[in-house]
Amino acid sequence: MSVAPRTQLVLCLVALLCGLGLSRYIQDNDASEGLYSLLSLDQKRESEDFIFRRTLRCLDMLAVEGQFTFVASQPQLACAAFLIAEPSEVVSLELSDVNIECGAGDFIKMFDGWVLKGEKFPSSLDHPLPLRQRYADYCSSNAPEGAMRSSQNVAMVFFRINSPDSGFTLTVKKLHNPFPCNIMSQSPEGSFTMVMPHQHRNCSFSVIYPVEIQVTELSQRQAKTNELSPQRQGWSGCTGTGDYVELLGGNGVDTSRMYPVADLCFSPSGQAQMKMGCDNSVVRLVSSGNYINRVSFQYRLLERDELPKSRENSLDDFCTME
């Protein structure tokens, strides 16, 4: 029986969260129901005035716009809400009706990205902001009035509430992003194109599944003349150029800690295909800022019998799945 993409994403996140020690919160707070309720969140707007509303759980995942209200029935000491939008969107978060006691140890913190098993996505090397600026702490005197906009299609809210009947409302909106960068995929199958227009920045597309990745286009244009740059070698030996594509695999979310599978140089006819038997598979676009870089790729979920049984790429640390 096939499993819906969002169900698979929830299962993968549950597996990763267990490494954080959050599995006990799933049991204690019935958060598993909150995660699996994602499957019934495909409500369509009937009018422009419609606002989707539901209860926010201690461990939750949100993939739709709306208002989500949390009210503690007992002390909740380690709660987290993961938010995800489409690849071409960013997430806007706003707190309202906040009733917590900061002085008693309560807090609400919004984070620009995700944190799983102590690792951050996007990594500090790839995010445009320093780490301290990626947090918005409601209880801090420097808090931006309980609001934040993410830099990519994922964001996160951490909160701790000690007193029963205390809580808050979180309003989630999605905004269009013309140049998506650092994307977490909702689905194990699909296609995408990353474009970096004359910026010294690195962008990753992360798929939290073992997948086969097929790179279908690697192109590079001069920023001013819009002409194709000279062709170069289509595989290894690209890192010294400052513009290339990496294929990475690993069991965390921080790309700086993942295993390099292949480096791909830019070429109009450049193509590559790779099976990645890891919990997380990544296409990472590295750009010097001197060119307009573009990479297009397709990805699909590996069947159980397709998972690699050996280190096909002669990398001692390359992950495989049992």
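Two strands count as paired if DSSP finds at least two bridges between them.

A note on where this comes from: the model is predicted, local features need pLDDT of at least 70, side-chain atom pairs count only at pLDDT 80 or more, and totals for chains, interfaces and linings use all residues. Residues are numbered from 1 along each chain as its sequence is written, and side-chain values use heavy atoms, with hydrogens and water left out.

Next I asked which sheet holds β15 and β20. They sit in an open sheet of five strands, ordered β13-β15-β20-β17-β18, with mixed pairing. Its edge strands are β13 (183–184) and β18 (259–264), each of which pairs on one side only.

Then I turned to an open sheet of four strands, with the order β14-β21-β16-β19 and antiparallel pairing. β14 (190–197) and β19 (272–276) stand at its edges with a single partner strand each, so one side of each has no neighbour in the sheet. From one strand to the next, the twist averages 20°; the axes behind such angles are lines fitted to C-alpha atoms, and angles run from 0 to 180 degrees between N-to-C directions. β14 is joined by eight bridges to its antiparallel partner β21 (residues 291–301). Here I found valine 195 opposite arginine 294 in β21.

My next stop was strand β2 (residues 59–62). Are its faces covered or open? Both are covered: Leu59 and Met61 on one side, and Asp60 and Leu62 on the other, are all buried (under 20% relative accessible area, with a 1.4 Å probe and protein chains only). Four bridges join β2 to strand β4 (residues 76–84), and these two run parallel. Leucine 62 stands opposite leucine 83 in β4.

Finally, I looked at the whole protein. I counted three helices and 21 strands. Buried residues make up 51% of the 322 residues. Of the contacts (heavy atoms within 4.5 Å) with a separation of 6 or more, 75% are between residues 24 or more positions apart.

How values were computed. Buried means under 20% relative accessible area, exposed over 50%, partly exposed in between (1.4 Å probe, protein chains only).
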